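Welcome! Have the structure open and try each task before reading on.

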Amino acid sequence: LEQVEYDKLEELDSMKSRFFANISHEFRTPLTLILGPLEKLRSKISDKDSEQDLNMMQRNALRLQKLINQLLNLSKLESGKMKLQAREENIVALVNGYVQSFESLAKQKKIEYMFNSSELYIPLFVDRDKIEKILYNLLSNAFKFTGVGGKIEVTVTPLPPSRGDIQPTETILQDDAKSPPSRGDGRGVKISISDTGRGIPLEKLEHIFDRFYQANDSYIKDQEGTGIGLALTKELVEIHHGKIIVESELGKGTTFFVFFPLGKEHLKPEEIVEPAFIEVSADKSVDWEDPPEQIIELQDQVTLIDDETEKEDSKPLLVIVEDNDDLRSYIRSYLTNDYRISEAIDGEMGLKKAIEKIPDLIISDVMMPKMDGYQLCQNLKSDERTSHIPVILLTARASMESRIEGLETGADDFITKPFDPLELQTRIKNLIVIRRKLQDRFMKKIRKMGLEHLLEIEAEDMTPVDQKFMQRVLLIIQKYLSDSDFDVEMLSSAMALSRMQVHRKLMGLTGYTPGSFIRHIRLNKAAELLKNKTGTVTEITFEVGFSNLSYFSKCFKKQFGVLPSEFNTTKSKS
């Protein structure tokens, strides 16, 4: 029975691999028809905006092509169609040359980046193309998960026959991890790539080389990927008769060790090819004229936009929270004419910017590093400073369960990728219009109701968190209503919020600035007192916090259309 079960699983795995191989081939044709015309257009277009769009399209088409090639390589390895084409190379120079290609990326991310080798020349029979794929996957992983100010170190070490490998910790869950592969006299080469990134949980280590496995299947992309890169890396190492192992500590970093045997006794005759025509000398690194496409992809500059140049009351402020630079730029390009834009590259930064700026609307991806879109939305809606802000969630997961999960966190709208930018524009506009209608309805109630009744705001007009915020504001205004020195600064201090936070929050809920809102409440109270004839105009002026009778009369007439002295007469006639 166990054998039957094993055979079924093997057959299922084989079917899955054939499916990915077949569909990958099908993807290649339309991608070719996209990349070809794109290259032609890029050579003809001189307009800067169009050129930027075409470069973005090409960059992402090449990214798709890379993923498809990885799937095809896995399929070839499994079917035995991928052959080793090894020749003698100086592995020190080869690794150093590839390491140098990532230097500008290290500078951009302010990462301490080092290459070490005790030897200048170590001859090793390797397939150059496959070694480059191994190095790219391991280095791109290191850069992906190492933050600003971190450290990445690459070391090439010869292993003498007697000492073997350095002893990795027992946490490594690979079989026979303490022994490097050996052929003949047991000599080998060890390449280690270590980083000070987030690290991998112990329970995940044994699976990271499994195909299509992701160390985190949540919406947080801390360890998110396709689950192809490391599986392909392991296969490429093993086709060299080598071994790859990993050790990692959560919060401290990860180190990958790759071992290759020296000599060529372990290779079949058909796996060895003639030496390259251009040899690399022992004291010179490989000189890359142009960095490979995949490194260009990693080196895309992260540029965050904060367009705060407009006046505060001119255009609505939007925060775009998206970890993909190109998608963020794409969304921004359709919105800059009508809105001010601020950007964030992950959920944590998005939450910080939302609290700091109190925008009119937030557009957020669901799958992001550090904090996913659902968690971001939940935090925004439970914080009284940001609970009123409409949130649109973008996701590639189109299932009903995903939509319901998003709406349950308080999201105001939900758009599935790929989306029409015109649809996004319309949804943004509609949400802002709805917010303004709620503001108008609330302010109409303020005009009709007394201050005491306003403290009983109906839940249908706003969320419980917003209701609580407005009750706090109104209670504070009521407490200091007769104090002519009471102003926005005192209100902000009593609310334990910054002046700007109170300003943006009240604008979002009422459409009024804090100063205007305080004045509005004072005048409403004055109208109530005048109607009940509780005092003279002068007495009421001071009772509601105005120190100047002339200014009070001017403000009163502007709000109610008549002077305070005429208010009772007008009311009785009407």
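This is a predicted model: local features need pLDDT of at least 70, side-chain atom pairs count only at pLDDT 80 or more; totals for chains, interfaces and linings use all residues.

## Exercise 1: a charged residue in the loop

**Task.** Find what the side chain of D346 reaches, and work out which residues D346 touches.

**Solution.** 
- Step 1. The side chain of D346 reaches the backbone nitrogen of M349 at 2.8 Å.
- Step 2. Leaving out residues up to four places away in sequence, D346 touches V321, M368, P369 and K370.
- Step 3. Now look at charge. D346 is buried and has no salt bridge; K370, the nearest side chain of opposite charge, is 4.0 Å away.

## Exercise 2: reading a sheet

**Task.** Write down the strand order of the open sheet of 5 strands, then say which strands stand at the edges.

**Solution.** 
- Step 1. The order is β2-β4-β5-β7-β6, and the pairing is mixed.
- Step 2. The edges are β2 (112–117) and β6 (243–249); each has a single partner strand, so one side of each is left without a neighbour in the sheet.
- Step 3. From one strand to the next, the twist averages 10°.

## Exercise 3: a lysine in a helix

**Task.** Decide whether K505 is buried or exposed, and list the residues with which K505 is in contact.

**Solution.** 
- Step 1. Locate K505 in helix α17 (residues 499–510).
- Step 2. The relative accessible area of K505 is 0%, so K505 is buried.
- Step 3. Setting aside neighbours within four places in sequence, K505 is in contact with I358, E384, R385, T386, S387, H388, D466 and F469.
- Step 4. Take S387 from that list: K505 and S387 are 118 residues apart in sequence, and their C-alpha atoms are 9.0 Å apart in space.
- Step 5. Then take H388: its side chain makes a polar contact with the side chain of K505 (3.0 Å).

## Exercise 4: two positive phi angles

**Task.** For H241, find the phi angle and the accessibility class; do likewise for K533 with its phi and its class.

**Solution.** 
- Step 1. H241 is not a glycine, yet its phi is positive, about 65°.
- Step 2. H241 lies in the loop between α7 (229–239) and β6. Its relative accessibility is 22%, so H241 counts as partly exposed.
- Step 3. K533, also a residue other than glycine, has a positive phi near 55°.
- Step 4. K533 belongs to the loop between α18 (514–531) and α19 (537–543). Its relative accessibility is 65%, so K533 counts as exposed.

## Exercise 5: the whole chain

**Task.** How many helices and strands does the protein have, and what percentage of its residues count as buried?

**Solution.** 
- Step 1. There are 21 helices and 12 strands.
- Step 2. Of the 574 residues, 46% count as buried.
- Step 3. Finally, take the contacts with a separation of 6 or more: residues 24 or more positions apart account for 72% of them.

Technical notes
Residues are numbered from 1 along each chain as its sequence is written. Side-chain values use heavy atoms; hydrogens and water are left out. Buried means under 20% relative accessible area, exposed over 50%, partly exposed in between (1.4 Å probe, protein chains only). Lys and Arg count as positive and Asp and Glu as negative; His and the chain ends are not counted. A polar contact is a pair of N or O atoms within 3.5 Å; within protein, one must be able to donate a hydrogen and the other to accept it, and residues adjacent in sequence count only if both atoms are side-chain atoms. Contact means heavy atoms within 4.5 Å. Two strands pair if DSSP finds at least two bridges between them. Helices (H or I, at least four residues) and strands (E, at least two) are DSSP runs, numbered from the N terminus. Axes are lines fitted to C-alpha atoms, for helices over the stretch in contact, and angles run from 0 to 180 degrees between N-to-C directions.
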